[in-house]
Amino acid sequence: MSSNRLQPLYLDGVGLPALPEGWSWKRFEDVVHAIPVGRKYDGKAVVADGVTPVIDQSVSGFMGHHNDEPGVMASALHPVFTFANHTCAMRWMTSPFSCIQNVFAFKGDSGFETQYLFYAAQGRVVLEEYKGHAPVFRSMLIPVPPFNEQRNIATFLASLDERITLLRETNATLEAIAQALFKSW
């Protein structure tokens with residue numbers, strides 16, 4: 001059984017909703033390119049503490065570390081995002097990393113904002129069962145505005161993500177304070 005998000009709307013282009021002027025529907029694989037990830041790591045090749053994180057398919061996103069050369073040289077100026085083939089987990093990466101098998105790294109093609117594409121793709125392919133989702137991910141259709149709008153949308157959504165992270169950290173701190181106060185009573 002397919003998810004509603006994977007119905008013909010995003011796979012075959014039939015019945016696509018109208019978009020604002022200047023926007024268009026693009027197949028994901030036509031606006032990104034895959035980044036080579038180098039050596040693919042497994043549980044035997046990682047350690048708890050090391051220089052380079054290894055991205056896996058879990059909720060946390062990290063299997064461990066290694067001390068070899070990173071497979072992907074991401075940075076704040078040259079970010080990439082990853083897609084986990086079996087769990088559909090996506091990660092925004094702004095520092096060097098390596099991957100396990102079936103985690104793919106992407107960057108926007110020229111004229112396409114990488115961070116916008118990351119946000120536009122999030123949640124489009126959902127985990128139905130433990131199987132390969134990369135073909136659906138690559139062939140899905142996403143709405144693409146002009147480049148300046150892509151950048152503005154990505155900047156706005158990134159600021160919301162930063163605020164959410166800050167609020168989660170504040171909440172954790174407040175919970176720890178509340179627990180300490182409760183124990184002292």
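Analyst: A crossing is left-handed if the near helix is turned anticlockwise from the far one by less than a right angle, and right-handed if clockwise. Keep that in mind for α2 and α4, whose crossing is left-handed. This is a predicted model, where local features need pLDDT of at least 70 and side-chain atom pairs count only at pLDDT 80 or more, while totals for chains, interfaces and linings use all residues. Residues are numbered from 1 along each chain as its sequence is written, and side-chain values use heavy atoms, leaving out hydrogens and water.

To find your way, the protein has four helices and ten strands (DSSP runs numbered from the N terminus: H or I of at least four residues for helices, E of at least two for strands). From the N terminus, the elements run α-β-β-β-β-β-β-β-β-β-α-α-β-α.

Helix α2 covers residues 114–121 and helix α4 residues 147–184; their axes lie 8 Å apart, at an angle of about 65 degrees (axes are lines fitted to C-alpha atoms over the stretch in contact, with angles from 0 to 180 degrees between N-to-C directions). The two helices are therefore roughly perpendicular (65 to 115 degrees; under 35 is roughly parallel, over 145 roughly antiparallel, the rest oblique).

Now the side that α2 brings: Gln 115, Tyr 116 and Tyr 119. They meet Gln 150, Ile 153, Ala 154, Leu 157, Ala 158 and Asp 161 of α4, where contact means heavy atoms within 4.5 Å. Residues in this contact divide into six nonpolar, two polar and one charged (Ala, Val, Leu, Ile, Met, Phe, Trp, Tyr, Cys and Pro are nonpolar; Asp, Glu, Lys and Arg charged; the others, Gly among them, polar).

On to the loop between β6 (80–84) and β7 (90–93), where His 86 sits. His 86 is buried, at 14% relative accessible area (buried is under 20%, exposed over 50%, partly exposed in between, with a 1.4 Å probe and protein chains only). Leaving aside residues up to four places away in sequence, His 86 touches several others, including Gln 57, Leu 127, Tyr 130 and His 133.

Asn 102 is partly exposed, at 22%.
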